[in-house]
Amino acid sequence: MRKKIVAANWKMNLTLAQGEQLVNDIVNAGIKLAEDQVVVIAPPFPYLLKVKQLIRNYPGICLAAQNCYSEKSGAYTGEISAEMLQSVGADYVILGHSERREYFHETNAQLAKKIDLALANGLQPIFCCGEPLEVRKAETQNAYVAQQLQESLFHLDAAALKNVVIAYEPIWAIGTGLTASAQQAQDMHAFIRAQIAEKYGREAALGISILYGGSAKPSNARELFACADVDGGLIGGASLIAADFTAIIQSF
Ligand code: PGA
């Protein structure tokens, strides 16, 4: 059965003390996670070890980084490798977030390399895809997302793909307060699953978790998570408020 995942993407927010408080508030909320349910917390790099420590007694809560570099190691001042993330206990790594694509010019080809390095180091990539507003307006979002999948993921073999989580994040919905409707999310998630089925077969497609991201909040999480092909969420803004994030987790 595929996992239901709610992931917190803190982005470049919070001090260490604020982050500790937030994690403590989440773990102390006493949420009961079902066996197939996973909570993922993606703090900024300097807090990874601390957050790892804080969640150590909560097996359903995992640690993610927000990015890694596309080379193995070496003279890349300021960059962080997949191996480093693995060595501090990260379980997941978010790759291809639209903010990284836009502000740091990450390309599909570079993301393919990051995916390989993450997998080679035992990390599960949370691969983000999604279209900008002009693409949605032109109604070409399916082709746009299909290309992102093809160029960054579809070089993998079926065994490797099993360890990938996909997050569909329409760029026009991120941090804007505009959420995709449940129907828009479901349509795209079903399309992504169909693309995987076409390339890897039905069983592989049914096993992969596809998360929705983009202004998900307590008031819309239930409706989004009720969609047949929505297996959870990648949460930005609302993950910074313990009460909102725990309410979203409980929306399953
Ligand atoms: P948001 O961000 O929930 O603040 O829209 C989601 C994301 O960028 O992962």
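How many helices and strands does the protein chain have? In this predicted model, the count comes to 12 helices and eight strands. The radius of gyration of the chain is 17 Å, close to the 18 Å given by the globule rule for 252 residues, so the chain is as compact as a globular protein of that length. Along the principal axes, the C-alpha trace extends over about 45 × 45 × 35 Å.

Among contacts in the protein chain with a separation of 6 or more, 72% join residues 24 or more positions apart. Of the 252 residues, 53% count as buried. The accessible surface amounts to about 11,500 Å², and carbon and sulfur atoms contribute 52% of it. As for charge, the chain carries 21 positive and 25 negative side chains, with the centres of the two sets 4 Å apart.

Turning to the interior, nonpolar side chains tend to be buried together in soluble globular proteins. Here the largest nonpolar core contains 68 residues, and Leu153, Ile166 and Ile192 have the most contacts inside it. Helix α9 (residues 182–200) supplies the largest share of this core, with seven residues. Once neighbours within four places in sequence are set aside, Ile192 is in contact with Cys129, Val145, Leu149, Ile166, Tyr168 and Ile210. Another core, of 15 residues, lies apart from the largest one, and its members include Ile5, Ala42, Ile94 and Cys128.

Notes. Residues are numbered from 1 along each chain as its sequence is written. This is a predicted model: local features need pLDDT of at least 70, side-chain atom pairs count only at pLDDT 80 or more; totals for chains, interfaces and linings use all residues. Side-chain values use heavy atoms; hydrogens and water are left out. Helices (H or I, at least four residues) and strands (E, at least two) are DSSP runs, numbered from the N terminus. The radius of gyration is taken over C-alpha atoms; the globule rule is 2.2 Å times the number of residues to the power 0.38. Buried means under 20% relative accessible area, exposed over 50%, partly exposed in between (1.4 Å probe, protein chains only). Contact means heavy atoms within 4.5 Å. Accessible areas come from the Shrake-Rupley method with a 1.4 Å probe; for residues, only the protein chains shown count as cover. Lys and Arg count as positive and Asp and Glu as negative; His and the chain ends are not counted. The place of a charge is taken as NZ of Lys, CZ of Arg, CG of Asp or CD of Glu. A nonpolar core is a set of buried Ala, Val, Leu, Ile, Met, Phe, Trp, Tyr and Cys residues joined through side-chain atoms within 4.5 Å.
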